[in-house]
Amino acid sequence: MTELRALTGARGVAAWLVVFYHIRGGIADLPPAIETLLAKGYLAVDFFFLLSGFVIWLTWHDRLRAPGAIPLFLRKRIARVWPLHATMLACAVALALLLRATGRHDPAFPFAELPLHVLLVQNWGGTDMLRWNDPAWSISCEFAAYLAFPLLVLAVDWRRLPGWGLAATIAVLLVALHLAMRGAASLGSDIPRLGLVRCLAEFATGTLVAALYLRRPSPAWPLAVAAIAAGGWALGVPETLAVPAMFAAALLALALTAGRPHHPLEGRAVHALGVVSYATYLSHFLLWKAFRLPLGGSSLSMSLIALYLALVLAASFVLYRLVERPAQRLLATPRPGARPRRGRGGRVTQP
């Protein structure tokens with residue numbers, strides 16, 4: 001199966017929503033209505049978790065049963081996420097050392113916790129705050145999902161369930177997530193404690209959505225479910241229940257409608273943003289911190305915000321070209337004789 005370009009484009013849009021979420025408080029004269037909208041940008045991470053489970057299940061659910069496939073899968077996942085994470089962590093260390101050398105101390109850079117971040121286990125319950133490169137918390141949780149994924153595939157084959165069974169299992173998972181986050185004001189609450197369960201539940205839901213996608217249902221019913229969930233959220237249904245359901249249904253509808261002429265998420269520019277979205281996601285937070293250092297704590301004018309956004313965009317392409325792709329070619333190349341057969345999922349998009 002070829003790439004579903006709409007999913008790549010959606011990933012790019014989601015990454016930039018996270019960027020604006022983090023910088024919204026530093027934009028001068030931002031209208032309150034826009035700031036309120038951008039304040040929900042953290043929810044893009046929930047879409048990432050669902051999309052990751054969707055893509056990885058489509059690509060690997062058959063292949064993991066071949067000899068040598070699990071080590072290959074894990075090597076490819078590490079090659080996908082760790083080199084850029086390590087690069088940005090090195091940048092954070094350099095920034096921390098620069099601050100120390102100039103007599104400043106930033107509690108966001110605790111060297112005692114650095115080994116947890118290097119190993120990508122910082123959000124597995126060993127820390128109580130987001131530190132170093134804040135967005136990397138979700139990569140830590142995804143790494144846990146990658147480790148659990150082979151166990152899921154070997155334990156259950158979603159293709160054996162009827163469509164109603166897949167939908168029912170999705171409902172059970174999302175209700176379980178809501179109950180696990182009972183008392184949380186939002187999906188973004190208490191990330192060090194709740195982020196891992198949030199990721200695992202949504203990643204698993206994404207694998208079920210992928211199994212539904214292979215049945216090729218009409219996009220009308222997931223669109224209806226997404227609309228009902230969105231309406232329920234607007235009427236007071238808790239975010240922890242309504243939003244994952246809305247995103248899961250929207251993801252299915254998006255996949256089913258991918259490839260249609262003039263799709264708004266499949267243009268060259270949007271697709272390019274999706275291709276480099278991981279670099280955007282991991283680099284923007286530290287760039288924002290460094291960009292604001294010489295400017296003090298005041299809100300920035302629109303011209304300075306535009307300059308920062310241009311820097312993030314440029315850094316995204318540079319990091320993709322010089323770090324992500326070379327590292328994947330170096331680390332993810334299978335050894336001779338270790339090529340598992342390709343499954344029916346094929347390549348969809350790189351999560």
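Figure 1. Val-118 counts as partly exposed because its relative accessibility is 36% (buried is under 20% relative accessible area, exposed over 50%, partly exposed in between, with a 1.4 Å probe and protein chains only). You'll find Val-118 in helix 5, residues 114-118 (helices are DSSP runs of H or I with at least four residues, numbered from the N terminus). Together with Ile-78, Trp-82 and Leu-119, Val-118 forms a nonpolar patch on the surface, with about 340 Å² of accessible area together. Such a patch takes residues with over 30% relative accessible area and no salt bridge, and joins nonpolar side chains within 5 Å. This is a predicted model, where local features need pLDDT of at least 70 and side-chain atom pairs count only at pLDDT 80 or more, while totals for chains, interfaces and linings use all residues. Residues are numbered from 1 along each chain as its sequence is written, and side-chain values use heavy atoms, with hydrogens and water left out.

**Figure 2. The second largest pocket and the helices around it.** This pocket has a volume of about 360 Å³ (on a 1 Å grid over the protein atoms alone, a pocket is an open set of points with protein on both sides within 12 Å along at least five of seven lines, and lining residues have an atom within 4 Å of a point; the volume is the space filled by probe spheres set on the points). Of its 15 lining residues, Leu-17, Leu-43, Ala-44, Met-246 and Phe-247 lie nearest the centre. By class, the lining has 13 nonpolar, 1 polar and 1 charged residues.

**Figure 3. A salt bridge between Asp-62 and Arg-159.** Their side chains meet at 2.9 Å, N to O (a salt bridge needs a side-chain nitrogen of Lys or Arg within 4 Å of a carboxyl oxygen of Asp or Glu). The two partners sit 97 residues apart, Asp-62 in the loop between helix 3 and helix 4 (69-101), and Arg-159 in the loop between helix 6 (136-155) and helix 7 (163-180). Asp-62 is buried, at 9% relative accessible area, whereas Arg-159 is partly exposed, at 28%.

**Figure 4. A salt bridge between Arg-193 and Asp-190.** Here the side chains meet at 2.6 Å, N to O. Arg-193 counts as exposed, at 59% relative accessibility, while Asp-190 is partly exposed, at 38%.

Definitions and conventions. Patches are made of residues with over 30% relative accessible area and no salt bridge: like charges are joined within 9 Å, nonpolar side chains (Val, Leu, Ile, Met, Phe, Trp, Tyr) within 5 Å. Accessible areas come from the Shrake-Rupley method with a 1.4 Å probe; for residues, only the protein chains shown count as cover. Helices (H or I, at least four residues) and strands (E, at least two) are DSSP runs, numbered from the N terminus. On a 1 Å grid over the protein atoms alone, a cavity is a set of points where a 1.4 Å probe fits but cannot get out, and a pocket is an open set with protein on both sides within 12 Å along at least five of seven lines; lining residues have an atom within 4 Å of a point. Ala, Val, Leu, Ile, Met, Phe, Trp, Tyr, Cys and Pro count as nonpolar, Asp, Glu, Lys and Arg as charged, and the others, Gly among them, as polar.
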